[in-house]
Amino acid sequence: MQLTGFLPTVLETDAPVSESSLPLYSKRFLNILEAVGDVAYRSFSTQIEDDVTGAGDDDYLLGRINEDFVLIQFPHLDILDLEKSTYSSYDEELGTVTALNEVVLKVPEIGLPPAFRLKAYSPYILVSAAAKTALEQAGIRGVRFALTPYS
């Protein structure tokens, strides 16, 4: 996928702002998650072309392209405990909730992958404690961790 962006800013982070349904992360971010466990993701290669098109100067090369980022589609797990979680409404046909506030998960016996989304409420990417620790220790830039992202 071909993208454009201001490379000096893009290269300062491992998680540039992008479309939330298919987030953009550095390959380094993905490698750290893979070292923690099986992520079961789909990724899409990208090329980010610098959007600076002016005359430039001797210190700024125009037309640079960076291939250090991938778009990642994380798995959507159907593990939200609807009876114990707190939310505004439930759409039975879609299997989704609105205004999710308190989250209780039905963790499978095999455990959870290092990163995933909830099928019933997918705006956020949830990470395991091991993945959070690994990302923090690696100095990943541009992500924010919250224990209660839904409230």
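This is a predicted model: local features need pLDDT of at least 70, side-chain atom pairs count only at pLDDT 80 or more; totals for chains, interfaces and linings use all residues.
Two residues are in contact when they have heavy atoms within 4.5 Å of each other.

Residues are numbered from 1 along each chain as its sequence is written, and side-chain values use heavy atoms, with hydrogens and water left out.

**The overall picture**

The protein has three helices and 11 strands. Starting at the N terminus, the order is β-α-β-α-β-β-β-β-β-β-β-β-β-α. Along the principal axes, the C-alpha atoms fill a box of roughly 60 × 30 × 25 Å. Of the contacts with a separation of 6 or more, 65% join residues 24 or more positions apart. Of the 151 residues, 31% are buried. Buried means under 20% relative accessible area, exposed means over 50%, and partly exposed is in between (1.4 Å probe, protein chains only).

**Helix 2 and the cores**

Which residues of helix 2 (residues 27-36) are buried? They are F29, L30, I32 and L33. Seen down the helix axis, these buried residues fall within an arc of 160 degrees, so they line one face of helix 2. The arc is taken from the directions between the helix axis and the C-beta atoms.

In soluble globular proteins, nonpolar side chains tend to be buried together. A nonpolar core is a set of buried Ala, Val, Leu, Ile, Met, Phe, Trp, Tyr and Cys residues joined through side-chain atoms within 4.5 Å. The largest one has 14 residues, and Y25, F29, L33, I72, F74, L135 and I140 touch the most other members. Helix 2, strand 6 and helix 3 each supply at least two residues of this core, and the largest share, four residues, comes from helix 2. Apart from this core lies another, of nine residues, among them I79, L118, A120 and L126.

Not counting residues up to four places away in sequence, F74 touches P23, Y25, F29, L33, V39, A115, F116, R117 and I125.

**The largest pocket**

Rolling a probe the size of a water molecule over the atoms shows where empty space is left. On a 1 Å grid over the protein atoms alone, a pocket is an open set of points where a 1.4 Å probe fits, with protein on both sides within 12 Å along at least five of seven lines; lining residues have an atom within 4 Å of a point. The largest pocket has a volume of about 1000 Å³, and that volume is the space filled by probe spheres set on the points, which are joined across faces, edges and corners. Of its 36 lining residues, Y124, I125, L126, R144 and F145 are the closest to the centre. Strand 2, strand 10, strand 11 (126-127) and helix 3 each give two or more residues to the lining, with the largest share, three residues, coming from helix 3. The lining divides into 25 nonpolar, six polar and five charged residues. Ala, Val, Leu, Ile, Met, Phe, Trp, Tyr, Cys and Pro count as nonpolar, Asp, Glu, Lys and Arg as charged, and the others, Gly among them, as polar.

**A few single residues**

Here are some pairs, with C-alpha to C-alpha distances.

| Pair | Apart in sequence | Apart in space |
|---|---|---|
| F6 and I48 | 42 residues | 8.9 Å |
| A120 and L82 | 38 residues | 9.2 Å |
| Q137 and G63 | 74 residues | 34 Å |

F6 lies in the loop between strand 1 (2-5) and helix 1 (7-10). F6 is partly exposed, at 38% relative accessible area. Leaving aside neighbours within four places in sequence, F6 is in contact with D50, D51, V52 and Y60.

A120 sits in the loop between strand 10 and strand 11 and is buried, at 6%. Q137, in helix 3, counts as exposed at 70% relative accessibility.

Most residues other than glycine have a negative phi. A40, in the loop between helix 2 and strand 3, has a positive phi near 55 degrees.
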